[in-house]
Amino acid sequence: MKTKQGFFAKIDERLARLAVIEKHYLHRPCPISWAWGIVVEERLKGVLTIGRPCSRTVCEGVCGKERSSDVFELNRLWLHEGLPCNSESQFIGWCLRELRKTNRNAILVSYADTKPSEGAPQGHLGTIYQSTNWLYTGTSTPFTDKVRGEMIERSSKHRYVFFLNRADRKLLQWKTLPYPKRPNKGDKAHLRSVCRYEFLPYHKGQATSEVNCCHI
């Protein structure tokens, strides 16, 4: 089996935004404070973005108003379908370790949409958050909001929380619950790969042009 080598790296926010709009199933931009990508043969094969939640209620609800400025949302995750199924957990784990180096007090929330979508006809459970040890705190309440003059219905979402500093877990104000499951193992993605991938350590100063100029 052929082996392809790639690497994980911090990427420019503009590149991440373009990838999110083109590749992520929502096809819309989001707030971005940090962005990382998977680069294989000078092409972007994955992206993960973290930004401030749009809701002040969420920021204050996780651990109280005093820690609301530390709350961020893992708001977009996209991986090319050709990557092997363990790439998501490897990538998320690496990004969280990188973020912890400079923002150890960060508290992350993320959501898995229960609404059926492309690639997830039964909706998402958040399986990848379960495999990377996030805390499950139930589902959000459906609501309707106005976007560019149009009323949009927002579906219920499974809600997960991750503390970069484990000592902060005692501050969580939401009740933790068992992970939701499906008998058929749910929405596991990226099951097929035509070759073996090896993600090498990325060192600052190496292959910089690939990170800044890679193709989507």
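The paragraphs below take up the sheet, the helices on it and the aromatic side chains.

This is a predicted model, in which local features need pLDDT of at least 70 and side-chain atom pairs count only at pLDDT 80 or more, while totals for chains, interfaces and linings use all residues. Residues are numbered from 1 along each chain as its sequence is written, and side-chain values use heavy atoms, with hydrogens and water left out.

Eight strands form an open sheet with mixed pairing, in the order β6-β9-β5-β4-β3-β2-β1-β10. Helices (H or I, at least four residues) and strands (E, at least two) are DSSP runs numbered from the N terminus, and two strands pair if DSSP finds at least two bridges between them. At the edges stand β6 (135-139) and β10 (196-200); each has a single partner strand, so one side of each is left without a neighbour in the sheet. On average, neighbouring strands of this sheet are turned by 25° against each other, direction ignored. Strands β5 (residues 107-113) and β9 (residues 157-163) pair in the antiparallel sense over seven bridges. A112 has H158 in β9 as its bridge partner.

Helix α1 (residues 13-23) lies across β2, β3 (43-51) and β4, and runs at about 100° to β3. Helix α3 packs on the sheet and touches β1, β2, β3, β4, β5, β9 and β10. The direction of α3 makes about 135° with that of β2. Contact here means heavy atoms within 4.5 Å; axes are lines fitted to C-alpha atoms, for helices over the stretch in contact, and angles run from 0 to 180 degrees between N-to-C directions.

Rings of Phe, Tyr and Trp (its six-membered ring) pair if their centres lie within 6.5 Å; planes under 30 degrees apart count as stacked, over 60 as edge-to-face and the rest as tilted. By this rule there are nine aromatic pairs. In one of them, the ring centres of F8 and W94 are 5.8 Å apart with planes at 55°, so the pair is tilted. F8 lies in strand β1 (residues 3-10) and W94 in helix α3 (residues 87-102), so this pair ties together parts that are 86 residues apart in sequence. F8 is buried at 7% relative accessible area (buried means under 20%, exposed over 50%, partly exposed in between, with a 1.4 Å probe and protein chains only). W94 is also buried, at 17%.

W34 and F72 form an edge-to-face pair, 4.8 Å centre to centre with 65° between the planes. Both W34 and F72 are buried.
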